[in-house]
Amino acid sequence: MFSKSKINDPAPQDADASKPAPSSASTAPAPSKQSEFKASAPKAKPPASVLSSDLHVTGNMKTTGDIQVEGTVEGDIRAHLLTIGETATIKGEVVADDVVINGRIVGRVRGLKVRLTSTARVEGDIIHKTIAIESGAHFEGSVQRQDDPLNPGAKSAPAQKPNPAS
C-alpha cells in the first residue's frame with residue numbers, strides 16, 4: 001500500500017496520516033504503518049551460515065544469503081557469497097555471485113567473481129566473469145570467461161560450439 005518513497009517523504013506521510021483520521025478504524029492503520037515502516041527499513045545483513053568441519057551434508061543447498069563451508073558437501077550449492085574453507089570438500093556444482101575457494105571442489109564452479117587461494121584444490125571447469133588464482137593453487141579443468149556465468153543457458157551454447165569443431 002505504501003511505497004518506500006512515501007514513508008521516507010514527510011509530506012506524503014502527513015497526507016496519509018490525515019486520511020485514516022476520518023475512518024472509524026483509526027487504530028488498525030497505525031500498527032499497519034509501523035509494521036510496513038519496519039519492513040522497509042534497512043536491516044542488518046545476516047551472518048553467513050556456517051557448516052562446521054564435522055558436518056557431512058548429502059543434498060543440494062540453495063540460499064540468497066552467504067554460506068561458509070568447513071565440512072563436506074555432496075551436492076550442488078547455490079548462494080550469494082560462498083566461502084570454501086581449507087578443511088572443506090565439495091563434490092558437486094557451485095554457483096554463486098562471489099566464490100572464495102580455500103579448500104577442495106570436485107565439480108563445476110560458476111561465479112561472477114571466483115578466487116582460488118593458495119590452498120585451493122579444484123577439479124572441474126570454472127566459468128566466471130572475473131577470476132583470481134593465487135600462487136600455489138591447484139587447478140585441473142578449463143577456465144571460461146562469460147558476461148553472465150550464473151545463467152546456465154549462456155554456458156551451454158558456447159560449450160557446445162568448440163566441441164564439434166575439435
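The following conversation goes through a predicted model of one protein chain.

Reader: How confident is the predictor in the protein chain on average, in pLDDT?

Author: The model is predicted, and the protein chain averages a pLDDT of 79. Of the residues, 66% score at least 70.

Reader: Where does the pLDDT stay under 50?

Author: One such stretch is residues 12-26, for which the model has eleven contacts beyond four places in sequence. Over residues 155-166 the pLDDT is also below 50, and this stretch has seven contacts beyond near neighbours in sequence.

Reader: Now the strands. In what order do the six strands of the open sheet come?

Author: The order is 2-5-7-9-11-13, and the pairing is parallel.

Reader: Which strands stand at the edges, and why is one side of each left without a neighbour?

Author: The edges are strand 2 (56-58) and strand 13 (138-140). Each has a single partner strand, so one side of each has no neighbour in the sheet.

Reader: By how many degrees are neighbouring strands of this sheet turned against each other?

Author: On average the turn is 5°, with direction ignored.

Reader: How many bridges join strand 2 to strand 5?

Author: Three bridges join strand 2 to strand 5 (residues 72-74), and the two run parallel. Within this part, His56 stands opposite Thr72 in strand 5.

Reader: What about strand 4: which strands does it pair with?

Author: Strand 4 (residues 66-69) is joined to strand 1 (residues 49-51) by three bridges, and these two strands run parallel. Val50 has Gln68 as its bridge partner in strand 4. Strand 4 also pairs with strand 6 in the parallel sense, over four bridges. There, Val69 stands opposite Ile84 in strand 6.

Reader: Where do the side chains point in a regular strand?

Author: In general, they alternate between the two faces of the sheet.

Reader: Let us turn to Glu86. Where does it lie?

Author: Glu86 lies in the loop between strand 6 (77-84) and strand 7 (89-91).

Reader: Is Glu86 buried or exposed?

Author: Glu86 counts as exposed, because its relative accessibility is 57% and the cut-off for exposed is over 50%.

Reader: Which residues does Glu86 touch?

Author: Leaving out residues up to four places away in sequence, Glu86 touches Glu70, Asn102, Gly103 and Thr119. From Glu86 to Gly71 the distance is 9.3 Å, C-alpha to C-alpha, and the two are 15 residues apart in sequence.

Reader: How many salt bridges does the count come to?

Author: The count comes to seven salt bridges. One of them joins the side chains of Arg108 and Glu93, at 3.9 Å from N to O. This pair links distant parts of the chain, 15 residues apart: Arg108 is in the loop between strand 9 (104-106) and strand 10 (109-116), and Glu93 is in the loop between strand 7 and strand 8 (94-101). Arg108 is partly exposed, with a relative accessible area of 31%.

Reader: Which residues are linked in a network of salt bridges?

Author: The network links Glu93, Arg108 and Arg110.

Reader: Which residue forms a salt bridge with Asp98?

Author: Lys113 does, with the closest N and O atoms 4.0 Å apart. Asp98 lies in strand 8 and Lys113 in strand 10, so the pair ties together parts that are 15 residues apart in sequence. Asp98 is partly exposed at 22% relative accessibility, and Lys113 is partly exposed at 47%.

Reader: And how far apart are the closest N and O atoms of Arg145 and Asp147?

Author: They are 2.8 Å apart, and the two residues form a salt bridge. Arg145 counts as partly exposed at 49% relative accessibility, whereas Asp147 is exposed at 56%.

Note on methods
Residues numbered from 1 in each chain as written. Predicted model: local features only at pLDDT ≥ 70, side-chain atom pairs only at ≥ 80, totals over all residues. Heavy atoms only, no water. Buried < 20%, exposed > 50% of the residue type's maximum accessible area, 1.4 Å probe, protein only. Contact = heavy atoms within 4.5 Å. pLDDT = per-residue confidence, 0-100. Pairing = 2+ DSSP bridges. Axes fitted to C-alpha atoms, helices over the stretch in contact; angles between N-to-C directions.
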